[in-house]
Amino acid sequence: MFRHPRREWPDPGSSTTPLGGLRWRIALPYVALILVATLGLTVYISNQVRQVRLDDLEAQLLADARLLAGTVAPLLQDGTDLGALDEMARSWAASLEGRVTIIGADGIVLGESHEDRTQMDNHLHRPEVQLALSDGQGSSMRYSATLGYEMMYAAVPIETDEGQVLGTMRVALPLGEIEANASRLRHEIMLAGLGVALVAALLAVVVAGRTTEPVRQLTGVAERMAAGDLDARQFPTSRDEVGQLTRAFNHMADRIREQVTTLAEERGRLAAVLDHMADGVLITDGNGQVELINAAAARLLDTSEERALGHSFAQVAPYHPLIEIWKACRERGEEQVEMVEVSRHGLFLQAIITPFGYTTSQDRQDRAQGADGEGYLVILQDLTRVRRLETVRRDFISNISHELRTPLAGLKALVDTLRGGAIKDRPAAKRFLKRMDAEVDTLTQMVEELLELSRIESGQAPLRMAPTPVNEVVVPPVDRLRPQAERAGVEFTVLLPPELPPVLADVERARLVLTNLMHNAVKFTPPGGQITVGARPAGEDVTISVQDTGVGIPADDLPRIFERFYKADRARSGGGTGLGLAIAKHIVQGHGGRIWAESVEGEGSTFFFTLPVATGR
Ligand code: ADP
């Protein structure tokens, strides 16, 4: 019955991608941090180790230099055998696996293990020599252009026992090995660090995965709920934030299910109300598309819910006046009430079309711009029956006026004739008075019938029920109408089976029913016809019938002849009021019975009515 516009949410994609992303978002910073920390630590440690090695080397070189300086000092003091200095330097250098240089106080190289000292420049301004002379020891690291690699130089002054400086003893070692050691060490530390970093990163990924797992599961549950499984839940497995989230989620899910159930119930109730309403209800959106239609509206518009929903109002209700009312409602923005005749289906509808969804002037502006969110409520009230009753009532008034006028005109004419002198003609006056009497009887009969019907309809005429033999109901009316039937050239037959049970009836009224039926039979049967009155037991009832060979009743009129004032054949029904059958129906129903007619046009009609069998007597 309902059609609702669906709100489209962006597709969250597959459940693995975004949560995999969350897992990596958590893990990656840790992995990066671990790698940077390991790298930093590696660089720091290997630098420290190198420095310690260099410090050791420096201390060792200084100690060696001091030892050699002590040995060489007496030779320099004597100044005797300077030529042997080169040789000494070479032998020391060999045992130290380094380079030994003996420098005089003036900076001239006096002994050298690896070079030709005569080719060497003055060494007084070498940094280590300067430091040795000023501070008592000195060292320096630099690239030796002569040897082609990095060296560490350490120098101490050569002094006499009295403290006189005779020169400088310098010992040097190539740094290559230390650097090689340091770089090997750095590699090893780096490798170890990398291993640790890898393990730590792996751990970070696993931990992140485990942390986000419940969130992933929760997403799965949410997706199941979105797909309609409102009972999907997840058990909280921890007391942490994720556990709290799970509990909050479950609580929310419970509330959603409650609300969905309540909404569904309310919707069901509303749908039931709408579907059982006698009035047609239809809702269109702002553009005229049908969003709701109830059973009554579908019936009145000769469509079905499936054919109507989602289609335009003009397609669903293809009646020009209805479409015009809808358009007027949209243009004016206010309720429109109008009568519409749908002649194709013989319907007479009151259409009430109301705009809804707009309350403020801004809303009206929005509507003028064709914004959606508005709608129109179309209510169709079926006034066909009311209208028909109205027509019948109007017909009756004109009919009854006509019927009253005929005897009144007769009376007036008779009075005028009497006044004009006929009153003096005694036999004529008597005849006129008799006719006047007859006219007054007709009028009285008509008024009586009207009063009787009004009494029965308003329930002011209680039935006096008593067990009654059927022939007491049937015979008196037959006797009463027999002269009239004979005058009309119609033959009466009564067929009553001997063993009929008595009926429970108000005998006067039951006779009235039969009188009315037989009266009609006589009236609508041409001379030479046959009228048969019969009765037969039928279960708890006795069915009484009046059959004629008259003009019959058109099939279209048959269902309506029991309505008040209805006349199928106006020309023939003559003086009838159209009340006889209505009175009969009320009386029979008052007895708890049924009354109906069968007829073939041109061949005759049979009227039946039932009266209950008087039980227990
Ligand atoms: P009326 O006073 O016009 O007879 P009724 O209520 O008795 O009013 O009957 C209603 C209409 O039913 C009649 O006008 C007539 O058209 C039709 N009708 C009733 N009885 C018969 C009948 N036996 N044969 C044909 N038509 C009948």
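A polar side-chain atom of serine 605 sits 3.4 Å from a nitrogen atom of the ligand, a polar contact in the sense of a pair of N or O atoms within 3.5 Å. This is a predicted model, in which local features need pLDDT of at least 70, side-chain atom pairs count only at pLDDT 80 or more, and totals for chains, interfaces and linings use all residues. Residues are numbered from 1 along each chain as its sequence is written, and side-chain values use heavy atoms, with hydrogens and water left out.

For lysine 523, a polar side-chain atom lies 3.0 Å from one, and for leucine 581 a backbone N or O atom lies 2.8 Å from one. The ligand has 21 residues around it, and Asn520, Asp548, Ala568, Gly578 and Leu581 come nearest; here a residue is near if one of its heavy atoms lies within 4 Å.

Now let us turn to the helices. Two packed helices are described by the angle between their axes and the distance between the axes. Helices are DSSP runs (H or I, at least four residues), numbered from the N terminus. Axes are lines fitted to C-alpha atoms over the stretch in contact, and angles run from 0 to 180 degrees between N-to-C directions.

| Helix pair | Axis distance | Angle |
|---|---|---|
| Helix 11 (residues 384–419) and helix 12 (residues 426–457) | within 9 Å | roughly 160 degrees |
| Helix 12 and helix 16 (residues 580–590) | 10 Å | about 35 degrees |
| Helix 13 (residues 470–487) and helix 14 (residues 507–523) | within 9 Å | roughly 35 degrees |

Helix 11 and helix 12 are therefore roughly antiparallel, the word for angles over 145 degrees. Their crossing is left-handed, meaning that the near helix is turned anticlockwise from the far one by less than a right angle (clockwise would be right-handed).

Glu449, Glu452, Leu453, Ile456 and Glu457 in helix 12 meet Ala582, Ile583, His586 and Ile587 in helix 16.

Helix 13, by contrast, passes helix 14 in a right-handed crossing. The residues that meet include Pro476, Pro477 and Leu481 in helix 13 and Leu514, Met518 and Val522 in helix 14.

How values were computed. Helix = DSSP H or I, 4+ residues; strand = E, 2+ residues; numbered from the N terminus. Parallel < 35°, antiparallel > 145°, perpendicular 65-115°, else oblique. Polar contact = N/O pair within 3.5 Å; in protein donor to acceptor, adjacent residues only side chain to side chain. Contact = heavy atoms within 4.5 Å.
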